[in-house]
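Hi,

Here is the model I promised to pass on.

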Amino acid sequence: MVAGTVSFRDRAPSRSTATDATVRHLEPERGRIKLSKNMSLTGRSAFHLLAKPTGAICNLNCRYCFFLSKEDLYPGSSFRMSDELLETYLAQYLDSQMGPEINIAWQGGEPTLMGLDFFRRAASRANALKRQGTRVLHTMQTNGVLLDDEWCTFFAENDFLVGLSIDGPREMHDAYRVDKGDKPTFDKVMRGLSLLQKHRVEVNVLTTVHAANAGHPAQVYRFLRDQANARFIQFIPIVERKNTTGFQEGSEVTERSVTGAQFGAFLNGVFDEWILHDVGTVFVQMFDVALAAWAKQPTGLCVFSETCGNALALEHNGDLYSCDHFVEPKHRLGNIKKRHMALLANGDQQRKFGRHKLDSLPKQCRECDVRFACHGGCPKDRFIETSDGEPGLNYLCDGYKAFFRHVDGPMKEMTELLTRGRPPAEVMRARRATRPDDVPP
Ligand code: SF4
Ligand code: SF4
């Protein structure tokens with residue numbers, strides 16, 4: 001969550017991590033964007049950026065990964081961000097951001113393939129380039145396979161928040177998260193997690209929801225909470241379009257994808273467990289988002305905001321794209337070696353991209369009772385028709401509707417508690433009282 005939004009968290013809002021399928025985007029800050037000593041853009045919105053120093057290159061071969069096909073966009077490339085581009089990127093990005101904290105987000109592919117020295121240079125240059133009085137924070141999304149004590153020491157010393165992908169217990173994780181030799185990765189990822197925890201690195205666990213784990217919400221959630229000791233969890237639906245381009249095209253999905261109904265039932269199953277035992281101690285991004293919506297606050301997540309377009313993706317060669325889900329030629333804004341990223345991020349093409357989320361909302365969404373929380377979801381998933389044949393409905397609509405309706409009562413109760421200055425965790429008391437036999441598992 002971001003400063004100024006409602007959260008179940010009882011401490012300062014946690015930083016955001018990049019995700020492999022969806023991104024926890026920072027809410028744009030408003031104000032003046034300083035481009036250089038003598039150039040500024042007043043009143044335009046700031047933006048968040050995911051940097052992909054290895055492009056789409058990864059050491060795993062997760063069967064549902066949409067990044068891998070993006071390799072084809074850059075035939076013959078080394079897929080390594082040069083030190084020269086790293087300098088340009090950091091200088092422009094730090095120059096574009098306002099506020100006391102600046103978040104530098106690393107994503108892939110698999111960013112650790114760049115090697116630790118690259119990130120040592122990045123952290124050091126970011127500290128040298130930042131404005132006086134600002135604090136630089138880093139986030140990295142990783143599969144965790146290459147982590148060792150040296151990496152984790154570095155993360156701890158340099159304020160990195162690490163997003164780690166775990167899809168649940170062994171059999172569910174290994175269903176799709178395999179290496180290049182098709183071998184399971186569960187043990188390596190859990191080893192990475194315990195190293196991160198040993199070094200007290202702040203970790204967000206990212207769990208994709210797909211055909212192999214969607215039917216087991218309680219099992220997945222209890223595993224993450226009790227075995228993985230995860231305290232910050234994001235659930236990301238796998239909606240994998242079936243086509244040969246790897247772009248957001250076509251309306252068929254693969255058999256690995258979750259259906260809307262499955263995703264809704266999964267979220268509801270997790271919520272039912274969480275609302276009895278874990279409010280205020282385990283933080284599930286989707287529940288934070290819902291609470292913010294019920295409390296009429298910004299959700300801080302582009303997927304459930306009215307418009308988007310403030311979360312861009314930077315490729316290894318300096319190409320800037322509208323969003324990490326739209327790394328496609330028609331959504332390439334330009335290259336930061338030729339044009340300052342703030343100008344690209346605030347240009348007409350990007351504004352149109354962000355506005356399209358609202359402008360293309362079908363009537364069914366405009367009249368929907370949970371629109372205030374859903375806002376039609378992410379445009380990448382809007383490829384089915386409404387009941388009256390209008391295109392552009394979200395493939396996950398059934399699930400979003402089921403979830404947001406399911407949590408309406410408890411969200412109202414928690415909003416009411418917040419209004420009275422009480423912790424939302426008190427919502428558990430009444431529920432436990434009506435279910436005296438339900439003790440934490
Ligand atoms: S298309 Fe928009 S809503 Fe979807 S992930 Fe990108 S920025 Fe967020
Ligand atoms: S629940 Fe469905 S109809 Fe309602 S806003 Fe979301 S996508 Fe649209």
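Predicted model: local features only at pLDDT ≥ 70, side-chain atom pairs only at ≥ 80, totals over all residues.

I started with ligand 2. The residues around it are Gln 364, Cys 365, Cys 368, Val 370, Arg 371, Cys 374, Gly 376, Gly 377, Asn 394, Cys 397, Tyr 400 and Lys 401. The biggest share is from α13, with 3 residues. If you sort the shell around ligand 2 by class, you get 6 nonpolar, 4 polar and 2 charged residues.

Next, the helix pair. α7 (residues 260-277) packs on α15 (residues 427-434) at an angle of about 100 degrees, and their axes are 7 Å apart. Angles of 65 to 115 degrees count as roughly perpendicular, so α7 is roughly perpendicular to α15. On the α7 side the contact uses Ile 275, Leu 276 and His 277, and these meet Val 427, Met 428, Arg 431 and Arg 432 of α15. The residues of this α7 and α15 contact split into 4 nonpolar, 1 polar and 2 charged.

Last, the strands. β4 (residues 101-106) and β5 run parallel and are joined by 6 bridges. One pairing to click on is Ile 102, whose bridge partner in β5 is Val 136. As for β5 itself (residues 135-142), the strand is mostly covered, with 6 of its 8 residues buried.

Over to you!

Definitions and conventions: Residues numbered from 1 in each chain as written. Chains lettered and ligands numbered in written order. Near = placed C-beta within 6 Å. Helix = DSSP H or I, 4+ residues; strand = E, 2+ residues; numbered from the N terminus. Nonpolar A, V, L, I, M, F, W, Y, C, P; charged D, E, K, R; others polar. Axes fitted to C-alpha atoms, helices over the stretch in contact; angles between N-to-C directions. Parallel < 35°, antiparallel > 145°, perpendicular 65-115°, else oblique. Contact = placed C-beta atoms within 7 Å. Buried ≥ 20, exposed ≤ 12 C-beta atoms within 10 Å, placed from the backbone. Pairing = 2+ DSSP bridges.
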